Amino acid sequence: MKPYKGKKPHIKEEKMKGYKVFNPNWQCECFQYEVGKTYKHNGPISICNRGFHFCRVAADCFNYYPFNPNNKVAEVEALGLVESDGPKSVTDEIKIVREIPWTELLEIANTGKSCTGFGNSGNCNSGNYNSGDWNSGDYNSGNCNSGNYNSGDGNSGYYNS
């Protein structure tokens, strides 16, 4: 049997849209970025090791960076090789397309309206990953819950159903 000489099956060459978080001065891992510029990594890419990292879904970025309005968030485009593992991707060529204003990011990172956290699917939620309406805290389902991990309606505290 001949050895495989093509690209690894999990690495694709394609143009892909994504999102990337930077600190307030447009740095990430001590590398300085600028909106509108394209950057090329020479050598192999590897998730969490080498290359330019990004997420295909904006809310996934905050699994790796604080949800902080002082940070910069950009729409990016992967232009070369792309390797993906779950929500995280890495590329050898990335373009910083545009800065996303924080108010727009809240709309992109939530499917509900008037939410202040991320990953919310209801309306008027604060916190993260809430479904239903008017929840505060994290991982609530139902309506008008405060605290974390509540299901049902009108709960306050933690782990109520």
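This is a predicted model: local features need pLDDT of at least 70, side-chain atom pairs count only at pLDDT 80 or more; totals for chains, interfaces and linings use all residues.
Let's start with the aromatic rings. Pairing of ring centres gives a count of 14 aromatic pairs here. One of them joins Tyr 149 and Tyr 159, a stacked pair with 5.0 Å from centre to centre and 0° between the planes. The two partners are 10 residues apart, and their pair links distant parts of the chain. Tyr 149 lies in the loop between strand E11 (146-148) and strand E12 (156-158), while Tyr 159 belongs to the segment after E12.

Now move to another group of rings. Phe 22, Trp 26, Phe 31, Tyr 33, Tyr 39 and Phe 52 make up one aromatic cluster. Two of these names, Phe 22 and Tyr 33, come back in the largest nonpolar core. That core has 14 residues, and Phe 22, Tyr 33, Phe 54 and Ile 96 are the ones touching the most other members. Strands E2 (16-22), E6 (52-55), E7 (72-78) and E10 (93-99) each give two or more residues to this core, with E7 giving the most, 3 residues. A second, separate core holds 12 residues, among them Val 21, Cys 55, Cys 61 and Leu 105.

One last stop brings in a charge: the charged end of Lys 88 sits over the ring of Tyr 64, 4.5 Å from the ring's centre.

Conventions: Residues are numbered from 1 along each chain as its sequence is written. Side-chain values use heavy atoms; hydrogens and water are left out. Rings of Phe, Tyr and Trp (its six-membered ring) pair if their centres lie within 6.5 Å; planes under 30 degrees apart count as stacked, over 60 as edge-to-face and the rest as tilted. Helices (H or I, at least four residues) and strands (E, at least two) are DSSP runs, numbered from the N terminus. A charge sits over a ring if NZ of Lys or CZ of Arg is within 6 Å of the ring centre and within 35 degrees of the ring normal. A nonpolar core is a set of buried Ala, Val, Leu, Ile, Met, Phe, Trp, Tyr and Cys residues joined through side-chain atoms within 4.5 Å. Buried means under 20% relative accessible area, exposed over 50%, partly exposed in between (1.4 Å probe, protein chains only).
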